[in-house]
Amino acid sequence: MPWAELVTLDLSRYDQAGDKEELVKQLDHAVRHVGFFHVKDFNISQEEISPICSRSTDLESGEYDGYRPAAPGLGNGIKGNIQVYNIPKFDGYHKRKQPPVLADHIDEIESSFSRKCHSEVVVKLLRLFAILLELPDEDNSPTTTNTTDEENTKVASIYTPGHTDLGTVTLLFRQPVAALQILNSEGEWKWVRPQDSTITINTCDALTALTGRLIKSSFHRVHASPPVQAHVDWLGVLYSARPNNHVLLNPITNSPLLNRLGLTQNVRQTQQQRRNRDVKVSNDGKFSYGEMKSEVLPGLEVKVYN
């Protein structure tokens with residue numbers, strides 16, 4: 001299989017003298033040209049991650065704020081197969097009824113998973129990005145069900161068209177099933193190899209805007225698994241980070257690097273593709289849409305990455 005070549009950052013080196021700079025050197029090419037990388041030794045144990053995955057459940061029979069069922073129409077008459085349940089940030093303002101499988105463990109999910117994702121991974125990555133920029137020192141749970149060969153043919157085996165994410169970084173905890181693909185600089189789709197004991201990270205639209213497009217927002221999609229894994233439902237747990245709502249997504253003005261490179265003008269990054277009911281998929285996986293509103297936010301227009 002055509003695998004993407006991704007670097008793996010060892011976050012156990014983060015607090016060692018001089019090692020932050022070495023990690024930044026590793027990160028530099030990944031975030032400028034690829035937009036995807038792995039991290040390992042991130043101080044969240046498998047015992048803290050596994051319960052999150054094992055409590056994933058089919059929520060079609062219940063009505064819960066945050067549950068997104070599979071799309072009624074993916075294209076060419078095929079029903080979508082990706083279900084998502086989103087737990088909003090734990091800030092005291094987004095309390096909601098949770099399904100029983102999560103409600104009894106919501107405090108554990110907050111303390112042992114969500115807050116550790118922030119402190120042990122996101123904060124460290126943002127500080128590494130700050131070093132890269134030479135600045136002064138200072139939850140989703142998606143499930144994809146397996147599909148038949150006939151269904152795969154009708155949608156060219158593509159179950160989420162190419163898109164970028166909206167925030168700063170997305171953390172993906174995944175099982176060893178091939179489904180994620182990224183678009184490389186040569187315009188080729190490559191599989192992301194599952195690695196044990198790692199988190200797959202992608203950089204997102206807000207970070208691209210804040211760095212004047214220095215940091216790449218990665219184009220990625222969900223593809224039907226190869227035949228040897230076609231019978232397995234794909235499960236992933238995602239942690240998405242984003243700026244606060246009041247943050248203007250203009251390039252960071254006090255970055256010596258951005259100023260030297262002339263990356264100081266405001267940019268408008270495209271937003272993740274939003275589905276329209278009138279969808280057609282060609283045999284080679286190209287998605288085409290009927291009439292739709294292209295500007296979803298002021299200055300942010302929809303684009304399909306085929």
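**Figure 1. Salt bridge between Glu22 and Lys25.** In this predicted model, the side chains of Glu22 and Lys25 form a salt bridge, with N and O 3.4 Å apart; a salt bridge is a side-chain nitrogen of Lys or Arg within 4 Å of a carboxyl oxygen of Asp or Glu. Both residues belong to helix α1 and sit three residues apart, about one turn of the helix. Helices (H or I, at least four residues) and strands (E, at least two) are DSSP runs, numbered from the N terminus. An α-helix has 3.6 residues a turn, so residues three or four places apart point the same way. Glu22 is partly exposed at 35% relative accessible area, whereas Lys25 is exposed at 60%. Buried means under 20% relative accessible area, exposed over 50%, and partly exposed in between (1.4 Å probe, protein chains only). Residues are numbered from 1 along each chain as its sequence is written, and side-chain values use heavy atoms, with hydrogens and water left out. Because the model is predicted, local features need pLDDT of at least 70 and side-chain atom pairs count only at pLDDT 80 or more, while totals for chains, interfaces and linings use all residues.

**Figure 2. Helix α1 and its packing.** Helix α1 covers residues 19-34, 16 residues in total. From first C-alpha to last, α1 reaches 22 Å, close to the 22 Å expected at 1.5 Å a residue; the expected span is 1.5 Å times one less than the number of residues. A kink of about 35° in α1 is centred on Leu27, where the bend at a residue is the angle between axes fitted to the seven residues ending there and the seven starting there. Leu27 is also one of the buried residues of α1, along with Asp19, Leu23, Val24, Ala30, Val31 and Val34. These buried residues pack against β1 (8-10), β2 (36-40), α4 (106-132), β8 (180-183) and β10 (198-203); contact means heavy atoms within 4.5 Å. Just after α1, Gly35 has a positive phi of about 85°.

**Figure 3. Salt bridge between Lys116 and Glu48.** The side chains of Lys116 and Glu48 meet in a salt bridge, N to O 3.2 Å. This pair links distant parts of the chain, Lys116 being in helix α4 and Glu48 in helix α2 (residues 46-54), 68 residues apart. Lys116 is buried, with a relative accessible area of 19%.

**Figure 4. Salt bridge between Glu188 and Lys190.** The closest N and O atoms of Glu188 and Lys190 are 3.8 Å apart in this salt bridge. Glu188 is partly exposed at 39% relative accessibility, and Lys190 is partly exposed at 21%. The structure holds eight salt bridges.

**Figure 5. Surroundings of Leu133.** Leu133 lies in the loop between α4 and β5 (140-144). The residue is buried, with a relative accessible area of 3%. Leaving out residues up to four places away in sequence, Leu133 touches Thr211, Leu214, Ile252, Ser255, Pro256, Leu257 and Leu258.

**Figure 6. Cysteines Cys117 and Cys204.** Cys117 is buried, with a relative accessible area of 0%. Cys204 is buried as well, at 0%. The structure has zero disulfides, a disulfide being a pair of cysteine sulfur atoms within 2.5 Å.
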